[in-house]
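Please read the report below alongside the sequence and the coordinates.

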Amino acid sequence: VPTQEQDGRGPVTWEASRLGGGDESFVLKASKKLRQAEQLITQWSPTLLKMHLDRLLWKDVPHLDLKKLWEYFVIYLYLPRLKNVDVLIGAIREGLESREFFGYAASVGPDGRYQGLRFGSGGGPIHLDGLSVLVKPDVAARQLEEEARKAEEVREEVKELETNPPKTREVTQRPPKEPARPRRFHGSVTVGPTRLARDAGLIAQEVVQHLAGLVGADLEVTIEIHAKIPDGAPEHVVRTVTENCRTLRFKTHGFESE
């Protein structure tokens, strides 16, 4: 049987063990001898597993990769000889029933929090996939306490909302804003002298009357007269038109030579 110092750096020594006689095969006798000397462990306790973890493997780290842990048991001779990985998993499963030994997490999240953390509760699979870890008991307990506190805060908030639901603000719907109304009007039209009376009456009825009917409307209607006289205006016409313009109070009027 090979043995080695506990730090793994000492020389490897071999110890010879004599097998007794009997009708059993060499393999059975060797297996029985190793089990009796605890050099081949077929069933292990979580107490012994934690003892090795505390003494050698996770002194300065909060958790240990479970796959790497099994590799340690395979490689280092100073660790106990477990028959197979099922012996290690059995010890872990038994240890998870209590909060005295360690916790188990399926993985470690980017924020350093343990995903699928189990501590003091059995059941569920245990994987050696390079993601799962064994967690120190004080570290596992601290995370579970934080999660329980946050869950309690959420329950209190929900209870408060159920007891005192927020008041719904009444939204007053305002009528749509009317577009701004036009405040000025202007227009001009040309009428022939032979239809002046008729067109002026229509303009007064269809346009001026509607504008004048508005409250506060201030209307100013201007009539412009432009006349071209190729042969010139006789004297009596000039005199009559000028006198009539004065009588009708034209603002501007007059004849021009050119």
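## Fold and helix packing

Read along the sequence, the protein chain runs β-β-α-α-β-α-α-β-β-β-β-α-α-α, with helices (H or I, at least four residues) and strands (E, at least two) taken as DSSP runs numbered from the N terminus. In total the protein chain has 7 helices and 7 strands. This is a predicted model, in which local features need pLDDT of at least 70 and side-chain atom pairs count only at pLDDT 80 or more, while totals for chains, interfaces and linings use all residues. Residues are numbered from 1 along each chain as its sequence is written, and side-chain values use heavy atoms, with hydrogens and water left out.

Of the 258 residues in the protein chain, 21% are buried (under 20% relative accessible area, with a 1.4 Å probe and protein chains only). Among contacts (heavy atoms within 4.5 Å) with a separation of 6 or more, 55% are between residues 24 or more positions apart.

The axes of helix α3 (residues 66–75) and helix α4 (residues 85–95) come within 11 Å and cross at roughly 125°, where axes are lines fitted to C-alpha atoms over the stretch in contact and angles run from 0 to 180 degrees between N-to-C directions. The two helices α3 and α4 are therefore oblique to each other, the class left once angles under 35 degrees (roughly parallel), over 145 (roughly antiparallel) and 65 to 115 (roughly perpendicular) are set aside. The residues that meet are Leu-66, Leu-69, Trp-70 and Phe-73 from α3 and Val-85, Leu-88 and Ile-92 from α4.

Leu-49 is found in helix α2 and is buried, with a relative accessible area of 0%. The C-alpha atoms of Leu-49 and Leu-88 are separated by 8.3 Å, although these residues lie 39 residues apart along the chain.

| Residue | Contacts (within 4.5 Å) include |
|---|---|
| Leu-49 | Trp-44, Phe-73, Leu-88, Ala-91 |
| Leu-134 | Leu-53, Trp-58, Pro-62, Tyr-104 |

Note on methods: Buried < 20%, exposed > 50% of the residue type's maximum accessible area, 1.4 Å probe, protein only. Lists of a residue's contacts leave out its neighbours within four places in sequence.
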